[in-house]
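Me: Could you walk me through this protein step by step? I would like to learn how to read a fold.

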Amino acid sequence: MADGSDTTLTAQQAAGEQTPNGLVSGIKSFAAGHGGAKAVIEYVGKRGARIVLVGEDGEWADQFADDTVVARQACAKAGVTVENAWERELMDQMRPSNDLWRSMGRRTMAR
């Protein structure tokens, strides 16, 4: 392989990628149902990228994308602001459900 050929291949792949419509519509529907939303994108290795959506009402959910580029494109198309990191204000806004607390308690007790 010639030097730089892998960079060229990556650039060609990124240019040809399409953001899945189901991902964009899922983000849009969450934001619409919760008075708007902000997102934090986390790289999760081979699985791709996790988009954690935090609604203005404190509810949260997640979506998965093939990679961080696709995740950012999907958020941009959905009109959702992407935060660069977990800021304190965003963390304070999140309200975990009682079911989530119960499931976390079971996992801790099972160890």
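Reply: Gladly! One idea to start with: two strands count as paired if DSSP finds at least two bridges between them. Please keep in mind that this is a predicted model.

Me: Which residue is the bridge partner of Ala39 in β4?
Reply: Strand β4 covers residues 81-83, and three bridges join it to β1. These two strands run parallel. Within β4, the residue bridged to Ala39 is Val82.

Me: Thanks! What order do the elements follow from the N terminus on?
Reply: The protein chain has five helices and four strands. Read from the N terminus on, they come in the order α-α-β-β-β-α-β-α-α.

Me: Do β1 and β2 run parallel or antiparallel?
Reply: Two of the pairs along these strands are Lys38 opposite Val54 and Ile41 with its bridge partner Ile51. The hairpin of β1 and β2 has five residues between the strands, and Gly45 there takes a positive phi near 75 degrees. Seven bridges join the two strands, and their direction is antiparallel.

Me: Which residue in the turn between β2 and β3 has a positive phi?
Reply: β2 and β3 pair over six bridges in the antiparallel sense, and Val52 has Asp62 as its bridge partner in β3. The two strands form a hairpin with four residues between them. In that turn, a positive phi of about 95 degrees belongs to Gly58.

Me: Now the helix α2: why do its buried residues line one face?
Reply: In α2, Leu23, Val24, Gly26, Ile27, Phe30 and Ala31 are buried. The face turned away from them carries the exposed residues Asn21, Gly22, Ala32 and Gly33. Looking down the axis of α2, the buried residues line one face because they fall within an arc of 160 degrees.

Me: What do the buried residues of α2 pack against?
Reply: Ile27 is one of these buried residues. Not counting residues up to four places away in sequence, Ile27 touches Ile51, Leu53, Gln63, Ala74, Cys75, Ala78 and Val80. Taken as a group, the buried residues of α2 pack against β1, β2, β3 and α3.

Me: Which residues in the largest nonpolar core touch the most other members?
Reply: In soluble globular proteins, nonpolar side chains tend to be buried together. The largest nonpolar core here has 18 residues, and α2, β1, β2 and α3 each supply at least two residues of this core. Those that touch the most other members are Leu23, Ile27, Ile51, Leu53 and Val80.

Me: How far apart in space are Gln73 and Pro20?
Reply: Gln73 sits in helix α3 and is partly exposed, with a relative accessible area of 29%. In sequence, Gln73 and Pro20 are 53 residues apart. In space, C-alpha to C-alpha, the distance is 9.7 Å.

Me: One last thing: what share of the 111 residues in the protein chain is buried?
Reply: The protein chain exposes about 7,600 Å², with carbon and sulfur atoms supplying 51% of that. Of the residues in the chain, the buried share is 26%.

Terms used:
Residues numbered from 1 in each chain as written. Predicted model: local features only at pLDDT ≥ 70, side-chain atom pairs only at ≥ 80, totals over all residues. Heavy atoms only, no water. Buried < 20%, exposed > 50% of the residue type's maximum accessible area, 1.4 Å probe, protein only. Arc of directions from axis to C-beta. Contact = heavy atoms within 4.5 Å. Core = buried A, V, L, I, M, F, W, Y, C linked by side-chain atoms within 4.5 Å. Areas by Shrake-Rupley, 256 points an atom, 1.4 Å probe, with all protein chains shown as cover.
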